[in-house]
Amino acid sequence: MPDEETTTLSPAPTVPAESLQAPAPAGADRAPAWTRWLVPLALVLAAVNLRPAITSLGSLMKEVTGGLHMSGGIAGVLTSVPAFCFAVFGIMAPRLARRFGPGAVVFAGMAAITAGLLLRSFAGGTVTFLAASALALMGIALSNVLMPVIVKRYFPDRVGSMTGLYSMALAAGTSLAAVTTVPLTDALGGSWRQGLGIWALLAVVAVAVWIPLTRDRSASAGPAIGTTDEAAPALRITRSGTAWALACFFGLQATGAYITMGWMPTIFRDAGVSAGTAGLLLSITMVMGVPLGFVIPWLVNRLRSQGPIVVALGACGLGGYAGLYLAPASGAWAWALLLGVSNCAFPLALTMISKRSRSHAGVVRLSAFAQCVGYLLSIPGPLLVGVLHDRTGGWDLPIALMAGLMVPQIVVGILAGRDRTIEDEAGARR
């Protein structure tokens with residue numbers, strides 16, 4: 001079982017008690033008894049809803065682009081929107097949580113997901129579809145950032161196990177949407193609008209469960225994530241080479257993940273694979289995050305340097321892309337599996353954040369820096385894949401680009417995985 005401190009989505013390292021100046025979250029010990037059973041259910045339902053808006057679209061990308069007469073470039077914009085929204089709206093989450101409470105903000109995020117999914121199923125044009133997708137993704141971004149806050153508020157002594165439950169539900173929701181969207185669409189008459197809109201029903205259930213948590217102000221007591229401890233040293237984080245390497249690694253792995261979620265089913269379908277099978281292949285890729293989401297943090301906690309893990313995941317990615325290039329249909333299951341392993345660079349990046357700082361305040365700063373810069377860096381990748389496919393009419397050049405990006409990902413991952421901290425590099429001032 002991974003160390004309790006290394007399995008959170010915004011993990012913090014184990015450091016001496018005297019180095020942690022921030023007080024324990026207020027309200028964690030006075031949360032109402034009913035939250036002990038309601039919060040796990042709410043966490044699972046929220047996590048399940050954090051990816052269907054993305055993977056359901058990937059499964060029906062050909063139908064959506066055809067129905068709305070989108071070019072390949074515009075379709076590429078669709079696959080870049082998640083990273084843009086995560087970078088922009090995720091920054092707002094800490095401030096909103098301090099003002100309204102994390103439970104209320106996650107509730108609003110679930111409501112935004114519901115509204116966005118419904119609105120885009122009725123969109124009559126590209127602009128409306130993009131706006132509705134952005135609304136749903138805004139809700140995902142806000143909820144994504146605040147899930148660790150909810151876990152720490154209600155389960156400070158079970159952070160690892162509750163985060164494991166949340167991570168498993170997130171991967172399950174991702175793969176569920178990938179594998180069932182096409183069959184559901186067929187069962188509903190074959191319209192992509194119903195196939196995308198049906199996922200709003202799952203979000204409605206989450207909205208209902210989160211209503212009681214908006215009234216529990218104990219979850220908003222104390223310092224929210226993103227606040228800074230005045231007693232902690234101020235880090236010049238932009239002077240840390242490790243911080244920049246970790247941000248670039250985060251951005252490159254996010255690029256690969258969103259290209260995979262947005263374009264992999266289309267690549268398989270263009271190679272002659274049926275729509276249903278293409279969705280199932282995407283679900284295989286996504287579901288690999290369930291077991292490896294537990295294994296990778298466990299390995300990270302036992303290795304001084306994470307370079308070997310970076311290289312292993314990168315090699316799987318290179319193998320998967322080589323297979324897509326040479327024999328996309330005949331070896332489809334093997335390529336989906338390899339790319340699924342490679343995509344587990346996401347939990348690796350998050351866990352490395354906890355290893356690269358000695359203090360909680362440093363982890364918060366590093367997490368915000370790496371994720372914000374990383375998501376911004378990941379925006380052009382999916383868009384460029386769409387443009388290249390539109391210009392060439394095939395997938396050889398886009399797949400070569402994906403494989404090429406894996407090389408710098410390995411390099412910066414090795415640099416980010418070295419046994420050092422940002423405090424050592426960036427320096428601190430009181």
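Which residues form a nonpolar patch on the surface? They are V295, W298, L299 and L303, with about 290 Å² of accessible area together. The model is predicted. The protein chain holds 20 helices and 2 strands. Of its 430 residues, 57% count as buried.

**Overall build**

- Take the contacts in the protein chain between residues at least 6 apart in sequence: 85% of them join residues at least 24 apart.
- The chain's accessible surface comes to about 16300 Å². Carbon and sulfur atoms account for 67% of that surface.

**The surface patch**

- L299 is one of the patch residues, and it is found in helix α13.
- L299 counts as partly exposed because its relative accessibility is 31%, which falls between the 20% limit for buried and the 50% limit for exposed.

**The nonpolar core**

- In soluble globular proteins, nonpolar side chains tend to be buried together.
- The largest nonpolar core here has 121 residues. The members that touch the most other members are V64, F129, W210 and L348.
- Helix α11 gives the most to this core, with 16 residues.
- Residues up to four places away in sequence aside, F129 touches L57, V64, L68, M70, L78, R120, A123, W192 and L196.

**Helix α14**

- Helix α14 runs over residues 307-326, 20 residues in all.
- From its first C-alpha to its last, α14 reaches 28 Å, close to the 28 Å expected at 1.5 Å a residue.
- Its buried residues are G307, I309, V310, L313, G314, C316, G317, G320, Y321, G323 and L324.
- An α-helix has 3.6 residues a turn, so residues three or four places apart point the same way.
- Buried positions in α14 include V310, L313, G317, G320 and L324.

**T242 in helix α11**

- T242 is found in helix α11.
- Is T242 buried or exposed? T242 counts as buried because its relative accessibility is 1%, and the cut-off for buried is under 20%.
- Beyond its neighbours within four places in sequence, T242 is in contact with R356, A416, R418, R420 and E425.

Methods: Residues numbered from 1 in each chain as written. Predicted model: local features only at pLDDT ≥ 70, side-chain atom pairs only at ≥ 80, totals over all residues. Heavy atoms only, no water. Helix = DSSP H or I, 4+ residues; strand = E, 2+ residues; numbered from the N terminus. Expected span 1.5 Å × (residues − 1). Buried < 20%, exposed > 50% of the residue type's maximum accessible area, 1.4 Å probe, protein only. Contact = heavy atoms within 4.5 Å. Areas by Shrake-Rupley, 256 points an atom, 1.4 Å probe, with all protein chains shown as cover. Core = buried A, V, L, I, M, F, W, Y, C linked by side-chain atoms within 4.5 Å. Patch = residues over 30% accessible without salt bridge, like charges linked within 9 Å, V, L, I, M, F, W, Y side chains within 5 Å. Salt bridge = Lys/Arg side-chain N within 4 Å of Asp/Glu carboxyl O.
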